[in-house]
Amino acid sequence: MKELKKTIKKYENFEDTYKKGFIGIPKNFFNNNKALILTIEEFKEKFSDLKITKNYPTLFYMHGSAGFSYGKEYCKAIIEEGFIFFAPNSYELKNRPTYKTPTKIKNYEEVHKVRVAEVFYNINRLKEFSFINKENIFLMGSSEGALAAAKYKGKEFKGRVVVAYACENGYYSRDFKIGAKKKDPFLNIIGTHDQYFSKYSKYEEKKVNGHCAMALLEYKNAKVVLLPKTKHNVIENPYTIYEVVNFLKFWTNK
């Protein structure tokens with residue numbers, strides 16, 4: 001965790017990834033007659049006198065390089081099931097490293113360091129809320145955010161969902177290793193024709209499997225879903241939401 005703290009200190013406004021992050025709350029959470037999606041700042045202002053004894057299972061979502069726009073459908077589906085949804089806002093980080101594929105491996109790795117540090121920083125802030133069921137927090141990521149979700153070594157999460165990433169070293173990462181414990185529930189969903197991480201990717205420098213199955217061989221509670229003829233936008237596939245919701249419901253409180 002020392003390396004993560006070092007990364008966080010490099011940026012003067014790392015706190016904004018949390019304050020301007022998004023939280024989704026279910027209907028009837030606290031005198032609200034419909035589900036809501038707010039920034040953390042807006043949430044604290046709206047519910048400044050919040051006193052709640054109930055706690056909720058939670059999905060912690062790491063968006064991809066395109067931002068939160070591709071996570072909103074998940075937010076809606078998750079909170080309809082009675083979960084809290086939270087997504088850090090990486091776009092608020094000043095001078096955050098970025099890349100445009102293809103690029104040098106060091107450019108990808110700089111982004112990976114920041115995204116993994118986001119998980120560390122934000123989960124520690126999120127746990128301040130008493131309504132978060134700390135025994136049932138799940139970590140999900142898409143694409144760039146999926147690598148961070150899979151790689152993070154902390155023990156705060158009940159299970160992980162990795163979408164549009166293949167858990168393999170190649171042009172995108174040279175030191176990738178899954179950070180979850182071997183017993184942790186793990187769901188990987190990826191398209192067979194993902195243009196970045198499948199075996200059809202024009203960016204890969206070597207032969208790859210195009211999914212996380214090989215990396216998860218020793219994970220007894222792992223599941224890999226391959227969606228035929230689907231590209232990198234697997235997060236928009238309706239089967240993906242179905243798989244994610246059922247994974248979360250199945251493992252909550254187990």
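Trainee: How many disulfides does the count come to?

Mentor: The count comes to one disulfide, where a disulfide is a pair of cysteine sulfur atoms within 2.5 Å. Before going on, note that this is a predicted model, in which local features need pLDDT of at least 70 and side-chain atom pairs count only at pLDDT 80 or more, while totals for chains, interfaces and linings use all residues. Residues are numbered from 1 along each chain as its sequence is written, and side-chain values use heavy atoms, with hydrogens and water left out.

Trainee: Fine, and which cysteines form the disulfide?

Mentor: Cys167 and Cys212 form it, with their sulfur atoms 2.1 Å apart, and the link is right-handed, with 70 degrees about the S-S bond. Cys167 is in the loop between strand S6 (159-163) and strand S7 (186-191), and Cys212 is in the loop between S7 and strand S8 (222-227), so the pair ties together parts that are 45 residues apart in sequence. Helices (H or I, at least four residues) and strands (E, at least two) are DSSP runs here, numbered from the N terminus.

Trainee: Is Cys167 buried or exposed?

Mentor: Cys167 counts as buried because its relative accessibility is 6%, and Cys212 is buried as well, at 0%. The cut-offs are under 20% relative accessible area for buried, over 50% for exposed and partly exposed in between, with a 1.4 Å probe and protein chains only. Cys75 is also buried, at 0% relative accessibility.

Trainee: Switching to strands: which way do the side chains of S4 point?

Mentor: Ile84 and Phe86 point one way from S4, Phe85 and Ala87 point the other way, and all of them are buried.

Trainee: OK, helices now. At what angle do H1 and H5 pack?

Mentor: Helix H1 (residues 2-9) and H5 pack at about 100 degrees, with their axes 9 Å apart. Axes are lines fitted to C-alpha atoms, for helices over the stretch in contact, and angles run from 0 to 180 degrees between N-to-C directions. H1 and H5 are therefore roughly perpendicular, given that angles under 35 degrees count as roughly parallel, over 145 as roughly antiparallel, 65 to 115 as roughly perpendicular and the rest as oblique.

Trainee: Which residues make that contact?

Mentor: With contact meaning heavy atoms within 4.5 Å, H1 contributes Leu4, Lys5, Thr7 and Ile8, and H5 contributes Lys113, Val114, Val116, Ala117, Phe120 and Tyr121.
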